[in-house]
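Reader: I'm new to this one and would like to learn how to read it. Could you show me the structure and walk me through a few features?

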Amino acid sequence: MVDQLATLPVGAQLAAALASIDLTSLSGFDCVDVLQAQARQANHERARFLQVVAEVVCRDDPWGTGRTAAPTEFAFDEVRAALVLTRRGADAVCGLAFDLVVRLPAVHAAMLAGVLDEPRARVFCDWTADLSAGHAGAVCEALLPAAPAWTTGQLAEHIKRSAIALDPGWARRRYETAVRGRRLVGTRNPDGSANLAGYDLPVDQVAAACTRIDRLAKAAKHAGRPEPIDQLRADLFLGLTDGRYAGLDDAAILAALLARVADPAVAVSTGSTDRPGSAGPGPEVRVQLTTLLGRDERPGELAGWGPIHADLARDLAAGRADGRWTAVVTDRAGYPVWAGPLRRRPTGAPRTGRAGQVELQVPEPVVRALAASPGL
């Protein structure tokens with residue numbers, strides 16, 4: 001049976017043959033043959049799946065067979081709900097499916113035949129997006145036979161060379177299109193840390209920014225900062241973007257960075273304490289009164305970013321002593337029952353001149369306890 005797998009066409013026949021094989025009875029060489037056959041079948045099944053997705057997004061009649069030439073207004077939401085996907089995930093799978101089935105049918109046919117997988121098909125879609133229909137078809141016709149033997153990176157390089165040969169202005173148009181979509185994205189990680197990244201930026205400005213940060217990080221390292229060079233680059237990147245080093249030239253930034261002896265324990269618990277400049281207010285910090293007073297370790301919240309640990313919440317609140325503070329009294333279920341501005345700040349909070357918002361959450365039982373014991 002294993003010897004026959006390579007000659008079986010993808011579809012029901014190959015699926016049945018694969019399902020009948022007992023993997024535990026095979027030699028290592030036989031397992032490799034099964035792996036290759038299973039991959040061909042998986043490519044075929046994925047192509048069928050994408051074909052169904054493309055059909056769903058073009059249907060405009062839930063009770064009939066009517067279809068449109070392009071995706072309907074809420075088509076991607078239909079797929080999103082049916083497959084329980086995020087909006088971004090639904091957009092990605094629907095866009096790929098429609099592009100393959102409608103614009104690059106030869107690439108989709110190669111997937112249906114089992115010879116091309118989805119990652120390589122996606123490379124064809126991504127790297128031919130700015131080509132005319134005729135040029136895209138020519139690139140696919142020329143490269144599809146050899147594509148299964150190339151990695152995705154190799155395939156992209158071959159497509160670039162072919163595209164430039166067919167259309168010398170392709171590279172410039174692609175670059176200009178990408179730069180028009182430049183954006184900054186901040187995301188939160190499951191562990192509570194976060195990522196900040198710029199996408200599709202002008203390459204010369206990115207190169208200049210990286211060179212500057214790298215030069216400052218190496219100078220700080222050479223002058224005695226003990227952190228790994230990657231951490232120094234990250235700290236400088238944040239300091240240059242959050243306003244901490246606003247108005248400082250490179251010499252002043254380096255001096256400010258060297259003014260503090262790094263304390264890894266502090267850096268982990270509260271974030272960097274290098275604050276020589278006047279940073280912007282940042283998002284609102286929400287923290288319970290008892291946590292701010294150090295009587296418990298309840299997580300705070302950074303508005304729009306989710307929970308933060310208690311030490312970081314206290315540190316951020318202290319840094320906003322000159323900002324706008326609001327008290328919110330909540331009932332036992334956590335619902336607000338009263339809110340109002342606060343004019344007083346915790347004793348010892350530094351006056352930094354930096355604005356910002358702090359929402360001080362006070363459960364009703366705490367209010368009653370404070371009222372009953374003023375010295376508490």
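Reader: Which residues in α2 meet which residues in α4?

Author: Before that, some ground rules: this is a predicted model, where local features need pLDDT of at least 70, side-chain atom pairs count only at pLDDT 80 or more, and totals for chains, interfaces and linings use all residues. Residues are numbered from 1 along each chain as its sequence is written, and side-chain values use heavy atoms, with hydrogens and water left out. Helices (H or I, at least four residues) and strands (E, at least two) are DSSP runs, numbered from the N terminus. Contact means heavy atoms within 4.5 Å. Now to your pair: on the α2 side you'll find Arg-46, Phe-49, Leu-50, Gln-51, Val-53, Ala-54 and Val-57, and they meet Val-93, Cys-94, Leu-96, Ala-97, Phe-98, Leu-100 and Val-101 in α4.

Reader: At what angle do α2 and α4 pack?

Author: Axes are lines fitted to C-alpha atoms, for helices over the stretch in contact, and angles run from 0 to 180 degrees between N-to-C directions. Under 35 degrees counts as roughly parallel, over 145 as roughly antiparallel, 65 to 115 as roughly perpendicular and the rest as oblique. Here the angle is about 95 degrees, with the axes 8 Å apart, so α2 and α4 are roughly perpendicular to each other.

Reader: And how do the axes of α2 and α3 cross?

Author: They cross at roughly 130 degrees and come within 8 Å. That makes α2 oblique to α3. Phe-49, Val-53, Val-56 and Val-57 of α2 make the contact with Ala-75, Phe-76, Glu-78, Val-79 and Leu-83 of α3.

Reader: Let's zoom in on one residue. Is Val-93 buried or exposed?

Author: Buried means under 20% relative accessible area, exposed over 50%, and partly exposed in between (1.4 Å probe, protein chains only). Val-93, in helix α4, has a relative accessible area of 10%, so it is buried. Leaving aside residues up to four places away in sequence, Val-93 touches Arg-46, Phe-49, Leu-50, Val-53, Val-79 and Leu-85.

Reader: Where is Cys-58 found?

Author: Look in the loop between α2 (28-57) and α3. Cys-58 counts as buried because its relative accessibility is 3%. Its contacts, not counting residues up to four places away in sequence, are Gly-66, Arg-67, Thr-68, Ala-70, Pro-71 and Phe-98.

Reader: What about backbone angles: what is the phi of Val-84?

Author: It's positive, about 55 degrees, although Val-84 is not a glycine. Val-84 sits in the loop between α3 (75-83) and α4 (87-103), and at 71% relative accessibility it counts as exposed. Asp-200 is another non-glycine residue with a positive phi, near 55 degrees. You'll find Asp-200 in the loop between β2 and α10 (203-222).

Reader: How many salt bridges does a search of the whole structure find?

Author: A salt bridge is a side-chain nitrogen of Lys or Arg within 4 Å of a carboxyl oxygen of Asp or Glu. The search finds 25. One of them joins Asp-311 to Arg-314, with the closest N and O atoms 2.7 Å apart. Both residues are in helix α15 (residues 310-318), and being 3 residues apart, they are separated by about one helical turn. Asp-311 is partly exposed at 33% relative accessible area, whereas Arg-314 is buried at 17%. Another salt bridge links Glu-364 with Arg-368, whose closest N and O atoms are 3.2 Å apart. Those two lie 4 residues apart in helix α16 (residues 364-372), about one turn of the helix.
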